[in-house]
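Me: Hey, could you walk me through this one? I'd like to start with how the pieces are defined.

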Amino acid sequence: MRPAKLLRVAKWEVTKNAGGVDKRTLVVMALAVLAMGAVAAVAVSGGGPGLDADIYRVGVDESNPYHQVASEDPSFRVQAPDREAFERGDQDLTFYSANRLSRPQTEKQSAALEALRSSTESYNDRTMARADNQTAAFPVTVTLVYQEQNGTSTLDTSTGGGDTTADDGNGSDGPSAGGNGTDGQTSDGATATGGGSGGSAGDGGSDGNTGGGEAAAAGGGANLGGIGAQLTGDVESGTPGDISPPFPFESLVLAFLYIVPMNFVIQAYGSSMLSERLNRRGELLLVTPASRGDIIGGKTLPYFLGAMGVATAITALLRFSGIAPSGSLVAVAAVLPIALLFLAATFCGAMFARSFKELTFVTVTITVTLTSYAFVPAIFTDVTPIALISPLTLVVMDLTGRSISLGAFAFSTLPPLFTALVLFGLGAGLYREEDMFTQRSIPLKVLDALAGRIKSRKSALKMSAILIPFVIVAELGAIAFLFVLDSVSLNVFGTNQSLGIVLVLGVVAVVEELGKSLHLYAGYAHARYERTLRSAIGLGALSGLGFFLAEKGLLIVRLSDLEELPIGDAATLGATPPAGVPLWAVALLFLFAPLALHAVTAAISSVGARRGRWAYVAGVGVAVVVHFAYNLTVVSALA
Amino acid sequence: MVARRDVRSLSREKTIVLALLIQLFVAGFSSFLVVGLTSLYDPGSVSAGEVEMAVTGDARDELLAAGAEHESAAMTEFNDSREAQLAFEERRVDALLNASYVESSDGPGRKISVTARIPEGSLRSTLIVVNVRRVLETLERQERFERADSLEEDPVPLPPQVSASPYFGFTYTVLIPLLLFLPAFISGSVAVDTITEEMERGTLELLRVAPVSLLDIVDGKALGMALLAPAQSLLWILLLSVNGIRVANVAVILLFVTAVAALVVTIGVVLGVATGKRRPAQLLYSVLTLVVFGAAVVLPEHPATTVAKLAVDSPTLSTYATVVGTLAVAILAYAAARKYVGSVDASAF
């Protein structure tokens with residue numbers, strides 16, 4: 001790869017290709033965006049009814065106090081009360097008199113009554129706001145203070161306070177509480193919290209403890225500020241109706257903010273890559289002195305820079321608008337592996353797809369899969385090791401001002417990064433004249449990509465090692481998804497393990513066997529290997545050896561304490577020896593036994609693969625069963 | 001004939017099987033999705049176990065009375081505020097409420113000032129805050145009642161509480177319109193793809209060698225895509241009813257979805273023929289459909305509201321008017337599009 005050539009290809013991609021968009025298109029798009037802006041302005045200013053207008057029909061007299069309530073709420077349509085209409089189902093709520101209300105029977109009628117109840121509450125609040133005697137109108141004021149609790153719950157794996165909020169919450173006195181800079185979220189800034197705590201200290205009615213000034217780090221981590229009214233420490237303001245609970249899934253918001261733009265980038269990128277394959281257009285670039293690496297790198301670079309640019313812009317916007325003032329380059333660095341993974345998967349998809357229709361569906365699959373990989377682990381913010389599986393957690397941590405250790409950063413970003421690199425490598429194997437312009441189905445193309453890297457028998461070792469990042473990412477994803485099932489216990493074969501662990505072991509067995517044997521099958525299908533029994537067993541052993549060596553990469557999970565969770569411990573079997581075990585047992589358990597296991601199971605699959613597709617499936621099936629049994633035994637024995 | 005060929009080619013591509021599987025997966029989890037998405041919309045609707053609250057301060061009797069009305073809140077009285085603090089820190093209680101009387105600055109008399117301590121965290125603290133809010137709102141109501149003499153307008157008494165599905169409104173006003181309109185937009189996108197792909201590959205020439213004109217080709221493709229959308233919407237409706245969500249007025253809804261799909265496919269087809277290249281066509285398609293859908297806000301009734309009202313069985317005159325209006329617009333638009341396509345010189349591709 002020569003930088004000069006790479007940059008030239010990149011320049012051509014931007015200027016000559018420019019998304020295939022000409023001036024006329026750009027003008028129309030600009031006009032459309034302006035129109036959208038106008039529409040948005042109209043919608044926001046309240047011109048036009050809301051989405052839930054006229055959903056429920058209420059029959060109420062004008063003399064009834066509820067008539068006013070229902071007329072002010074657009075989701076009700078007010079009619080004259082009519083018993084027959086109610087029974088016919090044309091009315092959902094009917095007031096027979098001021099106090100007699102129809103009893104709800106269907107789900108819709110119950111929902112209408114509930115809606116009327118909450119509508120009455122807001123109507124009352126509005127009425128009270130107009131009252132002269134405000135003390136009687138709003139007799140209760142509330143101050144919300146967020147504080148850490150010390151006890152441990154079953155979900156806490158980090159020993160008390162290891163979770164990196166700088167706010168200690170206990171025993172800090174007034175001045176240091178005010179100086180606690182972690183809360184970028186209070187709209188009034190740090191001084192107000194200090195003043196607020198001091199204010200409540202000076203309040204005659206409150207007890208000494210509030211005066212002790214525990215730092216009110218306004219929901220540190222639980223609220224991206226700006227969302228919902230946040231009560232600060234001012235005793236005078238804040239009625240119960242003003243309380244807005246912290247937004248529970250801020251990672252979902254971030255997922256949309258950072259990941260949705262990537263969808264558009266990969267649409268354009270996939271389109272560009274696929275058009276190289278139509279009508280042999282890509283041949284022109286292939287005959288130039290630029291190497292494959294230059295071409296692929298050059299074509300990818302603009303889109304990568306675009307995605308990173310958008311991520312940086314979003315972070316800057318969040319930082320300088322005050323919503324997340326502690327956002328920094330760390331957040332952008334955490335998004336980098338996700339962007340690369342998106343691009344790499346799309347590149348492979350474009351190399352595999354046969355038409356734009358197919359590419360669209362492949363892109364949708366990629367988006368759904370990678371978005372869930374990014375989003376689901378981040379839900380478990382209480383359980384840091386699981387949450388760190390997704391790089392989005394790093395983004396959340398950075399934006400809410402928590403410090404991130406290098407180990408956590410590495411654990412979160414390295415698996416997706418390596419997977420992206422492997423995907424680029426596999427796709428690049430197909431970027432040549434013999435493969436680019438052929439129309440083979442996607443499964444066959446996958447085998448082509450794998451076989452393209454096979455040069456000799458030693459390739460079995462190399463390929464197993466190369467596919468390790470996929471295995472790691474798949475296993476981490478499985479841990480995150482199956483984590484919730486950890487509490488369901490199950491007595492499988494008398495081993496008394498939880499459902500989550502059994503399922504994870506199953507997934508681990510399947511993923512690892514596929515990783516060890518798929519490239520062997522590809523090699524056989526492309527006649528790269530001899531189909532003799534001796535050769536098959538030898539290849540299996542090599543594949544197992546390669547896998548065993550590279551599997552030590554699973555040691556990365558040590559960086560995140562994933563093993564403190566039972567499910568994490570079971571899945572990363574063999575990554576770390578337990579303490580207090582004699583050396584010979586350690587050597588047996590963690591060196592020889594896994595090596596033997598991998599070699600044997602890979603050999604089984606290999607023997608099946610040399611015969612054909614269905615024999616391969618059978619072989620893999622047997623290997624999975626053997627592997628699963630081994631895992632279950634070891635987990636139960638070590639438990 | 002062209003329509004049938006296109007639809008059949010779609011079914012042969014294995015990736016559409018994948019897309020359908022994804023849709024099935026999403027549909028199967030629609031209940032889970034409803035709960036998950038609703039918790040964003042309204043965190044209070046996710047029910048939890050009991051929330052333990054410690055109550056201290058001189059106004060604690062009133063607070064206890066308010067809490068007694070709520071089953072999900074378990075109140076424990078503490079005479080010593082330090083003990084209450086300890087209980088909170090050791091996780092024996094979920095929230096610490098300190099209620100005391102203060103002089104009000106807004107008017108005569110005293111107010112009750114409550115300081116609520118909530119644990120930091122994410123999901124748990126949201127649930128706790130929601131429960132605390134409910135208790136405090138009850139307290140506010142009780143206090144207003146006691147001070148009713150000082151108020152000119154009495155607050156309206158609350159209607160009886162009934163156990164209603166909290167997801168009802170969300171399901172019918174947001175989820176169902178989303179699910180039913182999605183196939184229409186996908187159809188339009190695929191329509192753009194099929195036309196521009198034929199042009200970019202040069203296979204349009206081959207199609208035209210058969211005694212079919214460009215207009216016939218476009219007609220066939222548009223028909224295929226426009227009919228696919230209501231079929232998918234029907235599938236969604238069936239899946240929703242299996243999940244216990246009833247949809248009313250199915251026939252009218254499908255007619256409406258067909259009209260919207262026809263309109264959107266017309267836009268796609270015109271863009272495809274006008275630009276002749278996939279990327280600008282797709283880009284313009286996405287932007288224009290967004291604008292059109294957004295601009296529908298200025299209509300007396302938004303199409304999403306139309307679907308919601310039909311599905312929940314509260315149709316009004318404006319609902320039917322919207323359906324008929326959209327149908328009319330779709331027919332006119334398609335007629336205009338046919339005229340345009342007929343005037344295009346097909347040998348240019």
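Reply: Helices (H or I, at least four residues) and strands (E, at least two) are DSSP runs, numbered from the N terminus. This is a predicted model, where local features need pLDDT of at least 70, side-chain atom pairs count only at pLDDT 80 or more, and totals for chains, interfaces and linings use all residues. Residues are numbered from 1 along each chain as its sequence is written, with chains lettered from A and ligands numbered from 1 in the order in which they are written.

Me: Thanks! Which strands does helix H5 of chain B lie across?

Reply: Helix H5 (residues 81-89) of chain B lies across S1 (51-56), S3 and S4 of chain B. Contact here requires C-beta atoms, placed from the backbone, within 7 Å. H5(B) runs at about 160° to S1(B); axes are lines fitted to C-alpha atoms, for helices over the stretch in contact, and angles run from 0 to 180 degrees between N-to-C directions.

Me: And what's the strand order in the open sheet?

Reply: The order is S4(A)-S4(B)-S3(B)-S1(B)-S2(B), 5 strands with mixed pairing. Strands pair if DSSP finds at least two bridges between them. S4 (140-147) of chain A and S2 (73-77) of chain B are the edge strands, each pairing on one side only. From one strand to the next, the twist averages 25°.

Me: How many bridges join S3(B) and S4(B)?

Reply: There are 8, in the antiparallel sense. Tyr101(B), for one, has Ile112(B) in S4(B) as its bridge partner.

Me: New topic: at what angle do H9(B) and H10(B) pack?

Reply: About 145°, with the axes of H9 (214-242) and H10 (250-275) 8 Å apart. Residues in that contact include Ala222(B) and Met225(B) of H9(B) and Val257(B) and Ala261(B) of H10(B).

Note on methods: Two residues are in contact if their C-beta atoms, placed from the backbone, lie within 7 Å.
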